[in-house]
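Have the sequence and the model open as you read.

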Amino acid sequence: MNVSQNSFKQPSKKLSFIEKLSYGFGDLASNFVWGMTTSYLLFFYTDIFGLAAGAVGTLFLLTRIWDAVNDPLMGILVDKTNTKHGKARPYILYLAIPFAIISVLTFITPDFSYTGKLIYAYVTYTLLGMIYTAINLPYGALMSMMTRDSEEKAKLSSFRMMGMATGAILVSVLTLELVDFFGNGNQQLGFPITMGVFSLIAIGLFMMTFRHCKERYAEYQTADHEVDVKKSMTSLMKNGPWRIVSLNALILFLRVGAMSGVLIYYITYVLERPGLAPLYLGLLNAAYFVGAFFAPSLLKKLGNRNGTIVATSMALLLFISLIFLESAPQLLFASLFFLANAAIGIGNAATLAMLADTVDYQEYKFGTRSEGTLYASYSFATKLGIALGSAFVAYALDFAGYTPEALTEGALSMIRFLMFAAPIVFTALQIFVLFFYKLDRTHAKIVQHLKNNTITS
């Protein structure tokens, strides 16, 4: 085992509150955009933009194929970056405005033929995924550059998840109201204007992240110590904890994509109360916020892996109970729905902390931190999971003969099935995968070894 040559600042163990808060602002900014994509893009494409559900499912899948190449390349680019602003922070600074522009373009409905609209959707959605990777992957990698302390990572993960949930809550609750306000009944006009407002706010939040978050543990490449891409990817695949965390993240976002995709259809067409859609989408993301808030205390006691298994198991039981409570009073159903997703929120925060720990393991085992390449898996899992989950919903609806103008009993049954089956299946898979994660047992010793090596080198 060897340790890479790193350029480290001597940090204090604890991060300041403003630094943690500013780190959370990064995901708050991202989710003013990605929250729109997760919660409304499938609905936007089928009911407003005018695409068939099956075509949207194919769109979501095909545009993610490029990410299998794009995300690792972006990770390698971050690993090779060395500027006056650091490795990760420059991308946050310079890409915030392009991210905002592409976001607005994605929600514009051009006056094209059906084929023209489909091509436009492919181009803008692909560009959105690429620019999201280019800003969010370095942002994610930034955590492992800020601290090595597992407790501090858990707190940063908590702030990040609370930022994510806050952005998603605001998007869920405000979007349809703002679309109606700005469009005056014209949703094709209201959606891009609303996205423009969210994007302007996101730019300001990204600037706060850039200004206050510091890179303390960063590996900079020199002329005689450049990234060996082949060696880096080979060692990456030998990083067992990273493989498990990446698979866990993929399953996590499969559930997010499926749940968020089907929820608006369930509320609108099964419950026949479309006015409740913002409330339920808000509850979903408020639950993630609450879970992230309580995550540090639980994870400190039980560890990232065990804490996640306990919380996720509770969520699984609650998801199963919802099957038998569909006809129960809405308050009871909504309360259990909230509690189940609050438990999921604890696991979401732990996943980011575990991913940051795999960076330390990578350095300990293979002598290079490779923050960008390691975090490429999370970026890829985010987009692939949401795309696959949403595509699964879209294909299932298309198979059941869904059309918004003439709903059949088969389509309604499919919406109901997806609403309950998707979270149960994906949550059970996540619990199974987490049993194979063992890094919690040795991480403290690994960090001490790296610290001793840094001091003596």
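## Charges over rings

Lysine 117 lies over the face of phenylalanine 49, 5.9 Å from the ring centre. Here, a charge sits over a ring if NZ of Lys or CZ of Arg is within 6 Å of the ring centre and within 35 degrees of the ring normal. Arginine 89 does this too: its charged end sits over the ring of phenylalanine 210, at 4.3 Å from the centre.

A quick note on the source: this is a predicted model, where local features need pLDDT of at least 70 and side-chain atom pairs count only at pLDDT 80 or more, while totals for chains, interfaces and linings use all residues. Residues are numbered from 1 along each chain as its sequence is written, and side-chain values use heavy atoms, leaving out hydrogens and water.

## Rings in pairs

Rings of Phe, Tyr and Trp (its six-membered ring) pair if their centres lie within 6.5 Å; planes under 30 degrees apart are stacked, over 60 edge-to-face, and the rest tilted. That rule gives 26 aromatic pairs. Phenylalanine 44 and phenylalanine 49 make a tilted pair, because their planes are at 50°, with the centres 5.8 Å apart.

Phenylalanine 44 is buried, at 0% relative accessibility, and so is phenylalanine 49, at 1%. (Buried means under 20% relative accessible area, exposed over 50%, partly exposed in between, with a 1.4 Å probe and protein chains only.) One aromatic cluster includes Phe44, Phe49 and Tyr40.

## The bent helix

Helix 1 covers residues 17-49 and bends by about 60° at tyrosine 40. The bend is the angle between axes fitted to the seven residues ending there and the seven starting there; helices (H or I, at least four residues) are DSSP runs, numbered from the N terminus. Since 29 of its 33 residues are buried, helix 1 is largely enclosed by the rest of the structure. After helix 1 comes glycine 50, with a positive phi near 100°.

Terms used: Helix = DSSP H or I, 4+ residues; strand = E, 2+ residues; numbered from the N terminus.
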